[in-house]
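Have a look at the structure first, and then we can go through it together.

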Amino acid sequence: MNIKWNADKYTSDFSFVHKHGLGVTELIEKQGGTAVDLGCGNGALTKVLHDKGFDVIGLDASDEMLEKAKENNPGLEFRKADATDFRLEKPVDLIFSNAVFHWIDREKHPQMLKCVYDALNFGGEFVFEFGGRGNAHKIHSELAKVFAKHGYEYKTKYYFAGVGDYAPLVEQAGFTVRYAALFDRQTELVGENGLEEWIRMFLQFPFSVIKDSAEADEIIAEAVDELKSELYINGKWYADYMRIRMRAVKD
């Protein structure tokens with residue numbers, strides 16, 4: 001992942017990430033057992049899985065997020081691990097993930113899916129959601145225009161997949177896909193500066209080419225101003241999210 005998380009701000013101002021993840025947990029059919037929350041972040045959904053009756057471990061690559069997860073969820077187990085290269089002592093019944101996989105480079109997904117497959121019991125469930133094709137398209141498109149105006153190329157490393165892209169990858173890893181959907185979800189942001197703060201939190205990589213912080217601020221302000229007519233609705237900012245959601249089984 002090409003981002004350093006501000007775990008406190010993520011928890012206070014971007015709680016919509018795990019709140020929307022509650023809908024993903026509704027795809028789980030197993031009634032308890034062992035589980036992994038892959039890319040657990042601040043542990044909010046790890047706690048939800050625990051409350052659903054799972055003996056769950058949270059895995060994440062971010063020291064900042066793991067520290068927050070342990071602080072917020074005493075008694076639950078959290079470990080540092082890379083989603084593309086992790087191993088468990090024993091396979092589990094469920095691997096769950098929310099809002100993680102779009103951060104992983106496209107070429108690393110087959111290896112990640114192999115790790116998930118190897119970490120599951122036969123009959124185990126793999127339930128996940130991440131940014132899908134077209135995610136935040138309006139925001140990225142406007143930023144690309146403003147970057148070009150300032151003489152920069154706008155580059156991201158996200159992998160926003162469609163069902164037709166991702167279901168075959170999951171099945172090539174050995175799973176049977178039982179449910180798959182790509183859907184839009186206009187997502188409310190927090191505060192009067194919600195879009196600006198979203199850009200600063202999630203788009204660190206594109207801005208890494210801009211060394212002058214004042215110019216970066218100017219680019220953000222220009223993009224936000226242009227997007228206001230479309231994404232500022234009734235006094236609230238929104239991000240034009242698209243999500244891909246799946247449930248697969250290791251038969």
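## The largest nonpolar core

The largest nonpolar core has 34 residues, and those that touch the most other members are Leu-38, Phe-86, Ile-95, Phe-101, Phe-126, Tyr-166 and Val-170. Please keep in mind that this is a predicted model. Two or more residues of this core come from each of strand 1, strand 2, strand 4, helix 5, strand 5 (120-131), helix 7 (163-172) and strand 8 (236-249). Helix 5 gives the largest share, five residues.

Leaving out residues up to four places away in sequence, Tyr-166 touches Phe-101, His-109, Met-112, Leu-113, Phe-128, Phe-130, Tyr-159, Ala-161, Ile-244 and Met-246. There is also a second, separate core of 28 residues, which includes Val-146, Phe-147, Leu-195 and Ile-199.

Two residues are worth a stop in the loop between strand 4 and helix 5, and one of them is Ala-99. For background, most residues other than glycine have a negative phi. Ala-99 has a relative accessible area of 15%, so it counts as buried, the limit being under 20%.

Val-100 sits in this loop too, between strand 4 (92-98) and helix 5 (109-118). Val-100 is buried, with a relative accessible area of 4%. Although Val-100 and Phe-130 are 30 residues apart along the chain, their C-alpha atoms are separated by 5.9 Å.

## A positive phi at an exposed site

Asn-234 is another residue other than glycine with a positive phi, here near 50°. Look for Asn-234 in the loop between strand 7 (232-233) and strand 8. Is Asn-234 buried or exposed? With a relative accessible area of 77%, Asn-234 is exposed.

## Around Gly-32

Gly-32 belongs to the loop between helix 2 (16-25) and strand 1. Its relative accessible area is 16%, and Gly-32 is therefore buried, given the cut-off of under 20%.

Which residues does Gly-32 contact, leaving aside neighbours within four places in sequence? They are Lys-52, Gly-53 and Phe-54. Gly-32 and Lys-52 lie 20 residues apart along the chain, with their C-alpha atoms separated by 6.6 Å.

## The two sides of helix 4

In helix 4 (residues 63-72), the buried residues are Met-65, Leu-66, Lys-68 and Ala-69.

How do the lining residues divide into nonpolar, polar and charged? Five are nonpolar, one is polar and four are charged.

Key: Residues numbered from 1 in each chain as written. Predicted model: local features only at pLDDT ≥ 70, side-chain atom pairs only at ≥ 80, totals over all residues. Heavy atoms only, no water. Helix = DSSP H or I, 4+ residues; strand = E, 2+ residues; numbered from the N terminus. Buried < 20%, exposed > 50% of the residue type's maximum accessible area, 1.4 Å probe, protein only. Nonpolar A, V, L, I, M, F, W, Y, C, P; charged D, E, K, R; others polar. Core = buried A, V, L, I, M, F, W, Y, C linked by side-chain atoms within 4.5 Å. Contact = heavy atoms within 4.5 Å.
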